[in-house]
Amino acid sequence: MNERICVLCTHYHPRADPHPPDRGQTCAAGRRRLEQEVMALRSAYRRLLELERVEPGANDAASRRLPAAPVPPPSNQPNVTGSKERRIPLTDVADLTAAAQLGGVTDPFGDQVGHHSVATVLNEWVRAWHERYFANQTRPAPEAGRLFGWLLGVRLELVCDADPAITDFAAEVGELRGLIRRHLGETTPKKQPMWGVPCPRCDLMSQLMLGPEDPDKYRECANCGKLMTQDEYLAHLRELVDQYRSGQKLARGQVL
Ligand SMILES: [Zn+2]
Ligand SMILES: [Zn+2]
């Protein structure tokens with residue numbers, strides 16, 4: 001019909017062929033994926049709060065356990081932390097759970113090495129969306145739990161339809177979630193290969209990957225980027241089985 005593409009699936013699967021949105025600028029699977037990511041961020045954030053509450057001294061230990069994670073510096077300013085530049089600062093857990101910093105996240109401190117707190121980032125988005133799309137409703141208090149609650153569900157769906165910057169939001173959610181996970185010493189679940197199944201496009205074996213946290217169970221080829229829905233994947237399997245069976249029959253026929 002036209003050249004519109006689903007921006008969320010393009011964000012989550014940058015190598016896949018783009019597909020059209022079913023509504024606004026996204027498809028149902030893309031919206032579900034973002035919602036699932038936001039929910040995962042909320043639960044990771046809760047675990048982080050729990051860690052602080054249960055083990056007040058654990059923050060430092062958690063930070064020290066961290067590998068030199070590939071965290072982008074939070075600003076474009078030259079890094080002034082010398083040899084620590086690739087390490088997450090020990091104060092970072094506190095940074096992430098700090099109260100929302102009202103008045104913008106435009107990096108007010110040139111030498112800041114920590115991260116904007118979850119509440120600060122969420123509040124920025126919610127403030128903008130509230131102003132633009134929900135101005136006649138009460139704005140939630142700038143507290144992480146309330147911001148998550150306000151956003152999840154129908155409002156997130158609506159901003160997916162409307163805001164072209166939704167992929168920036170998706171990127172920030174993913175980044176915060178990754179940071180919290182590293183603080184908690186959690187590893188990101190590995191993608192599972194579909195062993196022994198060839199990719200329908202590039203034909204390579206065992207390259208179709210299932211993201212363990214993908215609510216729609218997409219399979220994506222690690223080699224060529226081919227993206228399949230669960231239904232398409234199952235149809236592909238059925239086709240392979242049919243081919244295998246007819247191949248066997250043929251082989252038997254040849255023997256006879
Ligand atoms: Zn999509
Ligand atoms: Zn492939």
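Axes here are lines fitted to C-alpha atoms, for helices over the stretch in contact, and angles run from 0 to 180 degrees between N-to-C directions. The model is predicted: local features need pLDDT of at least 70, side-chain atom pairs count only at pLDDT 80 or more, and totals for chains, interfaces and linings use all residues. Residues are numbered from 1 along each chain as its sequence is written.

**Exercise 1. Describe how helix 2 and helix 7 pack.**

Step 1. Take distance and angle. The two axes come within 10 Å and cross at roughly 130°.

Step 2. Classify the angle. Under 35 degrees is roughly parallel, over 145 roughly antiparallel, 65 to 115 roughly perpendicular, and the rest oblique. Helix 2 is therefore oblique to helix 7.

Step 3. List the contact (C-beta atoms, placed from the backbone, within 7 Å). Helix 2 brings Arg31, Leu34, Glu35 and Val38; helix 7 brings Leu156, Glu157 and Cys160.

Step 4. Sort by class. Ala, Val, Leu, Ile, Met, Phe, Trp, Tyr, Cys and Pro count as nonpolar, Asp, Glu, Lys and Arg as charged, and the others, Gly among them, as polar. The contact of helix 2 with helix 7 has four nonpolar, no polar and three charged residues.

**Exercise 2. Which residues have the most contacts inside the largest nonpolar core?**

Step 1. Define burial. A residue is buried if 20 or more other C-beta atoms, placed from the backbone, lie within 10 Å of its own. A nonpolar core is a set of buried Ala, Val, Leu, Ile, Met, Phe, Trp, Tyr and Cys residues joined through C-beta atoms within 7 Å.

Step 2. Read the core. The largest has 36 residues, and Leu8, Val118, Leu122 and Leu147 have the most contacts inside it.

Step 3. Trace the suppliers. Helices 1, 2, 5, 6, 7 and 8 each supply at least two residues of this core.

Step 4. Follow Leu8. Beyond four places in sequence, its contacts include Leu34, Cys160 and Ala170.

Methods:
Chains are lettered from A and ligands numbered from 1 in the order in which they are written. A residue is buried if 20 or more other C-beta atoms lie within 10 Å of its own, exposed if 12 or fewer, and partly exposed in between; C-beta atoms are placed from the backbone. Helices (H or I, at least four residues) and strands (E, at least two) are DSSP runs, numbered from the N terminus. Two residues are in contact if their C-beta atoms, placed from the backbone, lie within 7 Å.
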